[in-house]
Amino acid sequence: MLLSTFAFGQGTNPIKHIVFIVKENRSYDNYFGTYKGADGATTGLISTGQRIALGHMGDTVRTIGHDWYSALEVIDGGKMDLFDLNYEANVNGDYLAYTQLSERDIPNYFAYAKNFVISDRTFSSQHGPSLPNHLYTIAGSAYGDVGVPTVATPGASWGCDSTVNLSVEMMDTSGNVSYQFPCWDFLTLGDQMDGAGVSWKYYAPSYGNRGYMYSVYNNVNHIRYGADWTTKVVPDTQFIADALAGNLPAVSWLVTGLANEHPPNSTCFGENWTVQQINAIMQGPDWNSTAIFLTWDDFGGFYDHVPPPQVDFYGLGPRVPMLIISPWAKRGYVAHDVVYEFGSVLKTMEEVFHIPPMGTRDVTANDMFDSFDFHQVPLPPLVLKPHTCPLVNSSTHFGGQLLNTALSNKVSLFNSRAYSIKVTNIQVSPLGAFTASGCEGSIISPQASCTISVKFSPTSLGPASAVVSVSDSDPTSPQTIVASGIGSTVRMSNWRVNFQQSQVIGTTATQTFEMINTDTKPLNITSISSVGSDFGQTNNCPTSLAASASCTITVSFTPTAVGPRWGQINVTDSDPSSPQQVRTVGTGINAGQIPMIMPATEQPTHIDEEDDPDYLEHADKPQTR
């Protein structure tokens with residue numbers, strides 16, 4: 001605070017423009033866990049108490065749970081050890097939640113960190129997903145919203161102008177849940193700037209365009225249907241021209257669609273888009289008077305090892321990346337000693353431009369002036385080049401699969417180029433357990449994708465692998481995908497136990513499933529255990545299960561909290577696919593609350609899947625294994 005007081009008191013504060021760029025769904029460790037000199041992690045705790053290495057993440061991955069309930073579960077009271085139990089977080093043993101990118105994957109984000117400021121103590125404002133956290137970026141509060149609308153169509157509205165009947169989950173500080181149409185009237189920073197005569201714009205996709213749901217001023221009735229909507233909420237495609245021409249207002253927010261990095265969107269494509277926006281600022285006339293705050297709206301379900309401080313009922317949520325880019329940012333500085341959240345950016349805006357506070361987190365949050373030095377020689381622009389993106393992920397993992405049965409994984413080929421690509425051929429080597437098809441002969445337009453189906457049909461026990469080669473017209477051809485899996489003789493009658501009827505907190509329900517040894521020799525069982533505080537198990541399985549024999553495992557569900565609850569049954573045995581993992585799912589309710597029925601597909605209606613309409617087609621479905 002000393003720097004800000006000195007600068008303002010002497011009239012020497014050089015910041016005349018603040019740009020707040022908000023991307024999607026990444027934790028700090030997911031992006032910067034390997035960044036040297038900051039508090040990152042390359043290993044993580046899982047629900048069994050084991051520590052595993054964080055694997056390498058592909059450029060395009062599926063969406064995993066990042067809603068209010070998921071965040072609270074994975075935080076686990078500060079232990080940060082239940083990320084593998086989260087929805088879609090660990091499919092067939094791939095531990096997707098425990099993967100991360102490296103400097104090679106996002107080199108320009110690392111370049112910004114090295115040359116300007118990276119914060120390793122920035123947390124999302126709320127435990128919840130995108131909509132409430134975006135509300136915090138304009139108002140310092142979500143006013144009780146903890147969910148997102150159930151509509152999941154690219155270009156759809158999440159706000160006042162929705163053409164369909166939306167509802168979002170609201171929660172008061174006692175945990176009572178209600179549902180409302182997501183159109184409210186509350187004070188925003190835009191209102192405060194209007195009153196103070198400070199210029200602002202919110203750059204976001206327009207109605208009908210992918211990412212429009214993140215145009216969060218649409219959730220504020222008096223702005224959506226007031227003069228500001230037509231003059232200050234403008235297309236995100238306008239930002240570069242405004243920056244180059246010196247037409248940026250005092251405060252800018254910037255969100256986007258396909259380039260927002262929300263899985264399954266390409267990380268590389270998103271980084272290149274961000275570089276283009278920041279290059280425009282650096283090449284425009286206002287670089288020397290600009291501060292850029294680049295962050296991600298929530299953790300996306302991905303592992304982070306730092307427990308978030310709990311400042312009130314709603315947060316803080318898990319840690320997210322924050323880059324501070326400015327001529328006045330401390331060069332190569334790691335902001336470690338001061339906790340930031342989205343309210344910190346608002347507070348900094350208020351202090352720079354003498355805007356009255358709103359009385360929300362903008363009052364209680366720390367400002368961000370410890371990351372600036374207004375006495376230094378201003379840092380020069382760092383104009384970066386977009387880098388070439390991979391067209392496909394480098395691997396696909398199947399885990400254990402019952403012999404002589406088949407399972408398919410989808411691999412997306414996303415064309416991040418400015419030209420069309422023709423796929424000519426797909427080959428698999430060696431032939432045998434793996435086959436692949438799809439996309440042959442397809443012409444993929446820029447920013448479009450097609451799906452390759454990789455099938456695993458093991459005929460022999462133990463590990464198997466193959467290389468899928470995709471030949472196409474791109475100079476990087478062929479693209480290669482390493483497929484791996486394990487042939488198994490263990491079959492479960494159900495690989496996922498859904499307690500479809502909601503259960504009153506403190507009461508118990510049970511379900512059973514069978515474990516079958518399809519081998520011609522006995523299966524040695526070492527242990528059977530449950531993880532997740534709401535689930536338990538009993539069984540009649542012997543230490544040696546005879547050939548072609550079965551035993552019964554009984555799962556108990558006793559919810560300890562309201563909302564979706566997750567767990568797992570782990571079986572350790574002599575099969576090469578060990579341990580086998582059976583997912584357990586239930587929902588807790590208060591006594592007297594109307595029970596809900598969990599969909600048989602376990603589809604979570606609280607996850608913002610705006611960019612992944614096919615996410616339920618992933619392998620995390622009931623399978624024959």
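Student: Which residue of strand 30 does Phe-513 stand opposite?

Tutor: In this predicted model, Phe-513 stands opposite Ile-553 in strand 30.

Student: What makes strand 26 and strand 30 a pair?

Tutor: Strand 26 and strand 30 (residues 550–557) run antiparallel and are joined by eight bridges, and since a pair needs at least two bridges, the two strands count as paired. Strand 26 (residues 509–517) also pairs in the antiparallel sense with strand 23 (residues 490–492), over three bridges, and there Met-492 stands opposite Met-515.

Student: Why is the aromatic pair of Tyr-31 and Trp-296 called edge-to-face?

Tutor: The centres of Tyr-31 and Trp-296 are 5.4 Å apart with 80 degrees between the planes; because rings pair if their centres lie within 6.5 Å and count as edge-to-face over 60 degrees, the pair is edge-to-face. Tyr-31 lies in helix 2 and Trp-296 in strand 12, so the pair ties together parts that are 265 residues apart in sequence.

Student: What makes the pair of Phe-83 and Tyr-303 edge-to-face?

Tutor: The ring centres of Phe-83 and Tyr-303 are 5.1 Å apart and their planes stand at 70 degrees, so this pair is edge-to-face.

Student: Why do Phe-83 and Tyr-303 count as buried?

Tutor: Buried means under 20% relative accessible area; Phe-83 is at 0% and therefore counts as buried, and Tyr-303, at 3%, counts as buried too.

Student: How do you know that the charged end of Lys-330 sits over the ring of Tyr-333?

Tutor: The charged end of Lys-330 is 4.5 Å from the centre of the Tyr-333 ring, where the distance cut-off is within 6 Å, and this end is found to sit over the ring.

Notes
Residues are numbered from 1 along each chain as its sequence is written. This is a predicted model: local features need pLDDT of at least 70, side-chain atom pairs count only at pLDDT 80 or more; totals for chains, interfaces and linings use all residues. Side-chain values use heavy atoms; hydrogens and water are left out. Helices (H or I, at least four residues) and strands (E, at least two) are DSSP runs, numbered from the N terminus. Rings of Phe, Tyr and Trp (its six-membered ring) pair if their centres lie within 6.5 Å; planes under 30 degrees apart count as stacked, over 60 as edge-to-face and the rest as tilted. Buried means under 20% relative accessible area, exposed over 50%, partly exposed in between (1.4 Å probe, protein chains only). A charge sits over a ring if NZ of Lys or CZ of Arg is within 6 Å of the ring centre and within 35 degrees of the ring normal.
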